[in-house]
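Here are some quick notes to read alongside the model. Have it open while you go through them.

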There are 2 protein chains.
Amino acid sequence: MTPPADSVGLVTTQKFVYEQPFALCCGRDLPGFELVYETYGTLNAEKTNAILICHALSGNHHAAGYYASDTKPGWWDSCIGPGKPIDTQKFFIVSLNNLGGCHGSTGPLSINPATQQPYGPDFPTVVVRDWVASQALLADHLGVQKFAAVIGGSLGGMQAMQWSIDFPDRIASALVIAAAAKLSAQNIAFNEIARQAIASDASYFSGRYNEHDKSPSKGLGLARMIGHVTYLSDDGMREKFGRELKSGDPSQGGDVEFQVESYLRHQGQAFSQRFDANTYMLMTKALDFFDPAREHNDDLVATLAAAEAKFLVISFTSDWRFSVARSKEIVNALVAARKNVASAIIKSDHGHDSFLLPIPRYVNVLKTYLNRIYRDTCEVKK
Amino acid sequence: MTPPADSVGLVTTQKFVYEQPFALCCGRDLPGFELVYETYGTLNAEKTNAILICHALSGNHHAAGYYASDTKPGWWDSCIGPGKPIDTQKFFIVSLNNLGGCHGSTGPLSINPATQQPYGPDFPTVVVRDWVASQALLADHLGVQKFAAVIGGSLGGMQAMQWSIDFPDRIASALVIAAAAKLSAQNIAFNEIARQAIASDASYFSGRYNEHDKSPSKGLGLARMIGHVTYLSDDGMREKFGRELKSGDPSQGGDVEFQVESYLRHQGQAFSQRFDANTYMLMTKALDFFDPAREHNDDLVATLAAAEAKFLVISFTSDWRFSVARSKEIVNALVAARKNVASAIIKSDHGHDSFLLPIPRYVNVLKTYLNRIYRDTCEVKK
């Protein structure tokens, strides 16, 4: 296909191979790892214009542009490209698949050198801090000492926050979108139910489904359905589906199907074909475990004290998984820690999924903020 | 055990046997049916002081008092008893297990006379209107021409509303608590995921699990966990569980268990042992299908035009499954239809489950309202 003119065009995937032992927070080592990534735009001579994109639960490295084999662009193509908010005419953008992922980076599907079998459920626990450490090694490999911005939504926003804490001198700005400083009990509960759905599938075999030539696709589909409903809003779903019927008549009972039901089943099935259940388990655990203030006596202000980045914190009115209140907690802590912080609450009916959508005010906020970052961080130093 | 003095004491279950064919809205007939029920208090000579309690998704006929074999009282014992809001010194209270239930009334566990096997998944679809019609037959049996009140929370509130529409001259007041005039797409979505969880269980056998001597307990447990989380509120869960750990250390990863996770798993397991999966399927469908305005061109005002009852509509601030806005829709329609309607929005952190809890203002509203109903409907006629 011919990519549209405002896209980054055809893209290819690259691979970073790290061949030394990598110590994880859980106490285990990886003997080395690979990260697949894509880059869009050009790194300037001063290497000051790099942006890191961190993906969420089910994301991957293909954030923008097109593959020759596919008509669908990357997951954040609406925001990344020439003239778009994350402007490839200005910035050099790096997007990777995180450690533990199932799209090419070292994860449960990779061969464990110790056994010559795929890791499967034996892949070690990975936490947000591990991702950030591995991303820093990727930055070293690319010659990027300091990112102009680290940007992410949801679990990606948690990585941006962790970057500001762990590598204060390597990140000029952190864009924390639709995120939280830690999950609530309700968030953990939904993740746990998703995990239980996977673990309850008779084809799960305690995570060793590949050895049995099986796939817990029903369980993974259910997990996705649960996630999907909670990423939307009641109002958004009402607008999209209402009580529209696909078949049957509720006043008669019997075989009735509402549109929202067949939509959800389709979402679940499609997801279970493109995602690995062990990775889903690992990613939801990383979400649950994220709680940087835990090591600082639950004091988020103290946790953020060392950060040097500028912050932009964005939330969406109808997002009830990572509500406006959760973003306000981050903003309040940053203000109390006397950091440079801007924030925006974007009106939207699309729930948590809003962060992936080209909502005009949202896009505008991103564009304006990143233009300023470019001026302050990239142009000035020229 | 010795029941507390403010309880209705030891109670026993009675059975109403209806031996004629009963036509259901789905077009199928039951050759007859049985309803198990309990009564508390005494029917007055004029038979004007009867109250019908309608149960919700997972409820049953044991609403108050104690069984000799059990230390736990009925599910609404906090509100039903001598001196309590639903006062057994004043009212004669009837509480039944609905058709399609799994606690003794005719349902999927009953023998189908045509096959001499349990109905299982072949039990016909039952809608709220069918329940109300069968409850009216029970009222006939008890000699109750007109209920002083029909009361229910959630799916029970829908029955109270349907009563006011289908039998306007047989109900003096309808107490519609934490309900909605119809489910939203989000509500249907959660119910569908619960059904998918059950149907995905390898022990479900398309509902014929009993024939295989199996039980889809994992799927039913999952369904309950999904329901349970959505019946609580984010704030309520934060207060109850926060991020309290049962074991492990999230910053280390590995085997970590949050309190909320083990709580949910316990809830799911316990429920799967006391409830029938086919009944759960049937009850969630009845919820989805409820939409009395559908037959009136989606005009709720026109739907309620014939109602003669007084209405009390109660909602709870943190209930996001059946939100305050949903109750307001009912109140607005009743006002527009020029009905006698009172309403209360009760502040509570306990989500949808609030309707089962003895929240002081809620209890007080119920008591005051029912005292007035007693004065107007029962005493005056003496």
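1. Start with helix α3 of chain A, residues 185–200: its 16 residues reach 22 Å from first C-alpha to last, close to the 22 Å expected at 1.5 Å a residue (the expected span being 1.5 Å times one less than the number of residues). Bear in mind that this is a predicted model, where local features need pLDDT of at least 70, side-chain atom pairs count only at pLDDT 80 or more, and totals for chains, interfaces and linings use all residues. Residues are numbered from 1 along each chain as its sequence is written, and chains are lettered from A in the order in which they are written.

2. α3(A) is mostly covered, with 14 of its 16 residues buried (20 or more other C-beta atoms within 10 Å of a residue's own, C-beta atoms being placed from the backbone).

3. Now the contact between the chains: chain A and chain B put in 44 residues each (in contact means C-beta atoms, placed from the backbone, within 7 Å). On chain B's side, the largest share, 10 residues, comes from α3(B). That side of chain B divides into 22 nonpolar, 11 polar and 11 charged residues (Ala, Val, Leu, Ile, Met, Phe, Trp, Tyr, Cys and Pro count as nonpolar, Asp, Glu, Lys and Arg as charged, and the others, Gly among them, as polar).

4. Within chain B, look at α4(B) and α6(B), which pack at about 125 degrees with their axes 8 Å apart. That makes α4(B) oblique to α6(B), since angles under 35 degrees count as roughly parallel, over 145 as roughly antiparallel, 65 to 115 as roughly perpendicular and the rest as oblique. Residues making this contact include B:Leu220 and B:Met225 of α4(B) and B:Leu264 and B:Phe271 of α6(B).

Definitions and conventions
Contact = placed C-beta atoms within 7 Å. Helix = DSSP H or I, 4+ residues; strand = E, 2+ residues; numbered from the N terminus. Buried ≥ 20, exposed ≤ 12 C-beta atoms within 10 Å, placed from the backbone. Axes fitted to C-alpha atoms, helices over the stretch in contact; angles between N-to-C directions.
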